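Biologist: Please show me the model, and I will ask about its parts one at a time.

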Amino acid sequence: GVAQAQTLPPLEQKDSYTVGFAQSESNNPWRIAETKSFQDTAAQCGWNLIVTDAGGSAAKQVSDVDSMIAQGIDVLFLPPREEDPLIPAVKRAAAAGIPVFLVDRSVNPDVAKAGTDYVAFLGSDFVDQGKRAAEYMIEHFEGDAGKIIELEGTTGSSPANDRKTGFDEAIAGNDKFEILESRSGDFSRDEGRRVMETLLQAHPDVNIVYAHNDEMAIGAIQALEAAGRKPGEDVWIYSIDGTRDALQAIIDGKLEVTVESSPFFGPLSCDTMKRYAAGETIEPWVKVEDRIFTPENAQENLAGAY
Ligand code: GYE
């Protein structure tokens, strides 16, 4: 509407754009695949692409965005590491006339809004991902009572919050499943392994792990095997993303499922930016549709995995 047109910075139609992509960290294959997708898209989309890496620090990501604003970028693509700390930087970019597209993670909707503070959020439905992981578990788990350890993603990030919500909603009122303990593994393999080692000692009766991403699921598999447990036999693991290692773990019988969360945001970002420059009103949430990887299709998807 009129209010949107007045508050969102416009974007000129031109052949080349200086584009900022302020990556949050590069310590896992998902984020490396995402950065590569932006780099692979740059030439064909006319982007002079500036990429930064905040190394897992929201404060560093804020200062990366501020230096991009100072450099005079035309457009900003941002995966806010956590839901709150990046909001002031998003608002500063918009105030400097830079259209901002949030990619793969969103911000606190009570504090910043699509169509006002930023153009749109491009990404998956994380609540639905958590729900689908739970539904697969409910349908396939063969034990009598599911005792779950939940490895949560980065505290305060939109995928960690929402993947928890979706999973919790799906098992609410189901007496067969109980979450023994939930703890953050920061979406990282090493942290997932360390947290799993600790929680395994506290809860030796665990027979299910729900990991908010594949890296933590792989870390959990390592911790379980080191403790003499048998992933896929006495502990069933459910996860999200669709990395190569996760597909291989499914093929090896150590992981039950991974709900897809695609990192390939380059082409979608190009398309959305061009639509915006052409004067289209962009939907507040440009939704990514995700598949699910199971023992039935893991092998055929391995070659295209990252
Ligand atoms: O699932 C995880 C990554 O924000 C959707 O971040 C993304 C998540 C992804 O670190 O592996």
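Biologist: Which residue in E8 is the bridge partner of Ile148?

Modeller: This is a predicted model, where local features need pLDDT of at least 70, side-chain atom pairs count only at pLDDT 80 or more, and totals for chains, interfaces and linings use all residues. Residues are numbered from 1 along each chain as its sequence is written. Strand E6 (residues 146-152) and strand E8 (residues 208-211) run parallel and are joined by four bridges; two strands pair if DSSP finds at least two bridges between them. Across from Ile148, the bridge partner in E8 is Ile208.

Biologist: Which strands stand at the edges of the sheet with mixed pairing, and why is one side of each left without a neighbour?

Modeller: Strands (E, at least two residues) and helices (H or I, at least four) are DSSP runs, numbered from the N terminus. The open sheet has six strands in the order E7-E6-E8-E9-E10-E12.

Biologist: What is the strand order in the open sheet whose pairing is parallel?

Modeller: Strands E4 (residues 100-103) and E5 (residues 120-124) pair in the parallel sense over three bridges. Leu102 stands opposite Phe121 in E5. The six strands of this open sheet follow the order E2-E1-E3-E4-E5-E11.

Biologist: What angle does the direction of helix H2 make with that of E2?

Modeller: Helix H2 (residues 29-45) packs on the sheet and touches strand E1 (17-23) and E2. Contact requires C-beta atoms, placed from the backbone, within 7 Å. Axes are lines fitted to C-alpha atoms, for helices over the stretch in contact, and angles run from 0 to 180 degrees between N-to-C directions. For H2 and E2 the angle is about 165°.

Biologist: Where does UniProt place the domain, and how far apart do the end C-alpha atoms of that span lie?

Modeller: The unreviewed UniProt entry places "domain: Periplasmic binding protein" at residues 19-280. UniProt positions use the numbering used here, feature names are shortened, and annotations may be inferred rather than shown by experiment. The span is 44% helix and 21% strand, and its end C-alpha atoms lie apart by 19 Å.

Biologist: What share of the 306 residues is buried?

Modeller: A residue is buried if 20 or more other C-beta atoms lie within 10 Å of its own, exposed if 12 or fewer, and partly exposed in between, with C-beta atoms placed from the backbone. In this protein, buried residues make up 49%.

Technical notes:
Contact = placed C-beta atoms within 7 Å.
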